[in-house]
Amino acid sequence: MEQLIEKTMYATRWLMAPIYLGLSLALLALGIKFFQEVLHIVPVIFSMKEVDLILVVLSLIDISLVGGLLVMVMFSGYENFVSRMDINDDGDKLGWLGKLDSNSLKNKVAASIVAISSIHLLKVFMDTQNIPNDKIMWYLLIHLTFVASAFAMGYLDKITKDTVKKDNF
């Protein structure tokens, strides 16, 4: 009975596969939004103010960072929690594929969130004349919370790794 329960529990990891596949649909949606933004600025690019163009470019960078985050979570999550990906080493394989454990993935996600938040905060600072000061304060506070959280996660990961190294010697 115990073995049946364990095998059943282990097999449920495949319930995550459709979720990771669903993330690829979210990536497709981001790609559509990216090119929608590009197509919106093409006809007005010569009449745009430089600041407005920079804000659009920052939005495009933001979308690309979120897309990269999705790819990282999709692939490494699938590999860590569902099954190894059988991809040939013909040069097209991502260098980090199969090398990110859940702790590394967590730290990379936190760092990506900080980068995305930084881009958003930069967009806010570029448009300060249209944003109330109290909202700017909240944006800054939220960003600093992301930074502190990412730092704490990285520091705790370092402490854990150092403790494991000491215990193994």
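Of the 169 residues of the protein, 24% count as buried, where buried means under 20% relative accessible area, exposed means over 50%, and partly exposed covers what lies in between (1.4 Å probe, protein chains only). The model is a predicted one, in which local features need pLDDT of at least 70 and side-chain atom pairs count only at pLDDT 80 or more, while totals for chains, interfaces and linings use all residues. Residues are numbered from 1 along each chain as its sequence is written, and side-chain values use heavy atoms, with hydrogens and water left out.

The protein has five helices and zero strands, and its elements, read from the N terminus on, run α-α-α-α-α; helices (H or I, at least four residues) and strands (E, at least two) are DSSP runs, numbered from the N terminus. Taking contact to mean heavy atoms within 4.5 Å, residues 24 or more positions apart account for 68% of the contacts in the protein with a separation of 6 or more.

Helix 3 and helix 4 (residues 102-126) pack at an angle of about 170°, with their axes 10 Å apart; the axes are lines fitted to C-alpha atoms, for helices over the stretch in contact, and angles run from 0 to 180 degrees between N-to-C directions. That angle makes helix 3 roughly antiparallel to helix 4, since angles over 145 degrees count as roughly antiparallel, under 35 as roughly parallel, 65 to 115 as roughly perpendicular and the rest as oblique. By class, the contact of helix 3 with helix 4 has 18 nonpolar, six polar and three charged residues, with Ala, Val, Leu, Ile, Met, Phe, Trp, Tyr, Cys and Pro counting as nonpolar, Asp, Glu, Lys and Arg as charged, and the others, Gly among them, as polar.

Aromatic pairs are assigned to rings of Phe, Tyr and Trp (its six-membered ring) whose centres lie within 6.5 Å, with planes under 30 degrees apart counting as stacked, over 60 as edge-to-face and the rest as tilted. By this rule the count comes to three aromatic pairs. The rings of Trp 14 and Tyr 78 have their centres 6.3 Å apart and their planes at 75°, so this pair is edge-to-face. The pair links distant parts of the chain, 64 residues apart, with Trp 14 in the loop between helix 1 (2-11) and helix 2 (16-41) and Tyr 78 in helix 3 (residues 50-81). Phe 151 and Tyr 155 form a stacked pair, at 6.2 Å centre to centre and 10° between the planes, and, being four residues apart in helix 5 (residues 133-168), they are separated by about one helical turn.

The table gives the accessibility of selected residues.

| Residue | Relative accessible area | Class |
|---|---|---|
| Trp 14 | 39% | partly exposed |
| Lys 106 | 45% | partly exposed |
| Ser 117 | 11% | buried |
| Ser 149 | 35% | partly exposed |
| Phe 151 | 60% | exposed |
| Tyr 155 | 47% | partly exposed |

Ser 117 has its place in helix 4 and touches His 143 and Phe 146, not counting residues up to four places away in sequence. Lys 106 is also found in helix 4, and its C-alpha atom is separated by 9.1 Å from that of Gly 154, 48 residues apart along the chain. Ser 149 lies in helix 5, and the C-alpha atoms of Ser 149 and Val 114, 35 residues apart along the chain, are separated by 9.3 Å.
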